[in-house]
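Open the structure in your viewer and keep the selection tool at hand. Each stop below says what to select and what is there.

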Amino acid sequence: MSQLKERPKISFLYIFVTFSAVIVSWLIHEFAHWSTGEILGNEMRMTLNKCYPQAGKYAEDWHGTIISAAGPVITLIQAFIFYALLRRSSNKLLFPFLLTSLYMRTLAGAVSFINLNDEGRVSRDLGLGPFVLPLLVFGILFYLVYSTVTTKRYDTKFITMTTLLIMLFSSILILLDQAFKITVL
């Protein structure tokens with residue numbers, strides 16, 4: 001008799017870990033921008049969802065491109081780390097960290113239609129047009145999530161609930177940042 005694989009369930013612990021994944025992912029992403037700016041000699045300010053030079057502009061024009069690239073690079077590194085961990089483990093608590101990476105960069109790509117976000121600015125600055133790098137990053141992250149979902153056989157309900165939780169917690173974080181401009185660094 002073959003064993004049926006247990007389907008992941010959404011528990012209070014899973015909801016808490018998903019909340020933590022969103023907060024940690026956003027802060028690490030923004031910290032990458034902040035620390036890169038500081039290393040390049042700019043006095044930086046960091047909120048929950050934004051990082052910018054305190055002087056209103058960067059010390060050198062090219063700093064903007066490097067600083068913009070730092071956030072997505074760290075988000076890609078996060079995704080690869082959690083993808084590798086998920087390949088070796090059946091711990092469903094790791095999945096929100098991977099899916100949050102995809103959600104963050106998908107949202108950033110969508111926002112780029114209104115106002116160029118990280119990858120869009122870098123792509124434009126490199127002369128590739130505004131959507132080449134956002135699409136490339138999306139493709140990489142989508143592959144990592146798709147590969148994980150199919151390998152682990154996560155069901156649609158589990159993926160949908162995780163996505164909705166990430167959307168909820170991300171929206172709260174973004175709205176809190178817009179309303180209160182909470183300075184982190």
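Are Phe 95 and Tyr 154 buried or exposed? Select both: Phe 95 is buried, and so is Tyr 154. Buried means under 20% relative accessible area, exposed means over 50%, and partly exposed is in between, with a 1.4 Å probe and protein chains only.

Before going on, note that this is a predicted model, in which local features need pLDDT of at least 70 and side-chain atom pairs count only at pLDDT 80 or more, while totals for chains, interfaces and linings use all residues. Residues are numbered from 1 along each chain as its sequence is written, and side-chain values use heavy atoms, with hydrogens and water left out.

**Stop 1: the aromatic rings**

A search of the whole structure finds 10 aromatic pairs. Rings of Phe, Tyr and Trp (for Trp, the six-membered ring) pair if their centres lie within 6.5 Å; planes under 30 degrees apart count as stacked, over 60 as edge-to-face, and the rest as tilted.

Select Tyr 14 and Phe 158. Their rings form a tilted pair, 5.2 Å centre to centre with 50° between the planes. Tyr 14 lies in helix α1 and Phe 158 in helix α6, so the pair ties together parts that are 144 residues apart in sequence. Helices here are DSSP runs (H or I, at least four residues), numbered from the N terminus. Tyr 14 counts as buried at 0% relative accessibility, and Phe 158 counts as buried at 2%.

Return to Phe 95 and Tyr 154. Their ring centres are 5.0 Å apart and their planes are at 70°, so this pair is edge-to-face. Phe 95 is in helix α3 and Tyr 154 in the loop between α5 and α6, 59 residues apart. Now show the four residues together: ring pairs link Tyr 14, Phe 95, Tyr 154 and Phe 158 into a cluster.

**Stop 2: the nonpolar core**

Which residues have the most contacts inside the largest nonpolar core? They are Trp 26, Phe 95, Leu 98, Leu 141 and Val 145, in a core of 31 residues. A nonpolar core is a set of buried Ala, Val, Leu, Ile, Met, Phe, Trp, Tyr and Cys residues joined through side-chain atoms within 4.5 Å. Colour α1 (12-39), α2 (63-88), α3 (95-111), α5 (132-152) and α6 (156-180): these elements give two or more residues each to this core. The largest share, seven residues, comes from α3.

Another core lies apart from this one; it has five residues, among them Trp 34, Met 44, Met 46 and Ile 67.

**Stop 3**

Select α1. This helix has 28 residues and reaches 40 Å from its first C-alpha to its last, close to the 40 Å expected. The expected span is 1.5 Å times one less than the number of residues. Just after α1, Gly 41 takes a positive phi of about 95°.

Next select α6, which has 25 residues and reaches 36 Å, close to the 36 Å expected. Its buried residues include Phe 158, Leu 165, Phe 169 and Leu 173. The buried residues of α6 pack against α1 and α3. Just after α6, Lys 181 takes a positive phi of about 45°.

**Stop 4: the charged side chains**

Which residue forms a salt bridge with Arg 105? Select Asp 118: the closest N and O atoms of this pair are 3.4 Å apart. A salt bridge is a side-chain nitrogen of Lys or Arg within 4 Å of a carboxyl oxygen of Asp or Glu, and by this rule the count comes to four. Asp 118 is in helix α4 and Arg 105 in helix α3, 13 residues apart. Asp 118 is buried, with a relative accessible area of 4%, and Arg 105 is buried at 6%.

Arg 121 counts as partly exposed at 27% relative accessibility.

Key
Contact means heavy atoms within 4.5 Å.
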